[in-house]
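Hi there,

Here is the structure I promised to pass on to you. Have a look at it first, and then read on for what turned up in it.

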Amino acid sequence: MKTVIVYYSMLGNSELTAGKIAEKLGADVIRIEPDKAYPDKGANKFLWGGKSAVMGEMPRLKPYEFDADKYDVIILGFPVWASRPAPPIKTFVEEFKGRLKGKKLAAFACQSGNGAEKAFAKLKDQLEIDDFVAELILIDPKTKKVSSNEEKINVFCEDIRNKKE
């Protein structure tokens, strides 16, 4: 069985992180995107993204291929919006929630401020699980390159490897 990373990225932080994790774990990578892109600049970025997250919206996603039966470890990656996972992740989880049961689930969040812990809690509630096998929080890793990020990613990957057996 294999590992897959399913992620959404608006500004490239989650994409960068997914790539680094995939390289370390030999994981497949699936990028999900909403049919209609969110504004990615200025006040509209925060207004539309935040409203969508707070209102629990689930945008329609562009077509992608995902077969849950191929994977025993599924890693979800996302930016944090208003202390919640970005809405495309909510859509993905809702579409596949039943097929994710019994899988080893992990999550990583990229944020500019805070709220990732609350976002993880909301995602666990949606997935109806008590815990992830591993969690990772990074602060804008694309633009705020700090040496500790690599170590955090290594620990995250090691936690997944240890719980894979």
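At what angle do helix α3 and helix α4 pack, and how far apart are their axes? Please keep in mind that this is a predicted model. Helix α3 covers residues 87–100 and helix α4 covers residues 116–127. The angle at which they pack is about 40°, and 9 Å lies between their axes. Angles under 35 degrees count as roughly parallel, while 65 to 115 is roughly perpendicular; α3 and α4 are therefore oblique to each other.

Which residues meet there? On the α3 side they are I89, K90, V93, E94, K97 and L100, and on the α4 side L123, Q126 and L127. Sorted by class, this contact has five nonpolar residues, three charged ones and one polar one.

Now for the whole protein. Its secondary structure comes to five helices and six strands, and along the sequence they follow the pattern β-α-β-α-β-β-α-β-α-β-α. The radius of gyration is 15 Å, close to the 15 Å that the globule rule gives for 165 residues, so the protein is as compact as a globular protein of that length. The C-alpha trace spans about 45 × 40 × 25 Å along its principal axes.

Finally, among contacts with a separation of 6 or more, 80% are between residues 24 or more positions apart.

Enjoy exploring!

Best wishes

Technical notes:
Residues are numbered from 1 along each chain as its sequence is written. This is a predicted model: local features need pLDDT of at least 70, side-chain atom pairs count only at pLDDT 80 or more; totals for chains, interfaces and linings use all residues. Side-chain values use heavy atoms; hydrogens and water are left out. Axes are lines fitted to C-alpha atoms, for helices over the stretch in contact, and angles run from 0 to 180 degrees between N-to-C directions. Helices (H or I, at least four residues) and strands (E, at least two) are DSSP runs, numbered from the N terminus. Angles under 35 degrees count as roughly parallel, over 145 as roughly antiparallel, 65 to 115 as roughly perpendicular and the rest as oblique. Contact means heavy atoms within 4.5 Å. Ala, Val, Leu, Ile, Met, Phe, Trp, Tyr, Cys and Pro count as nonpolar, Asp, Glu, Lys and Arg as charged, and the others, Gly among them, as polar. The radius of gyration is taken over C-alpha atoms; the globule rule is 2.2 Å times the number of residues to the power 0.38.
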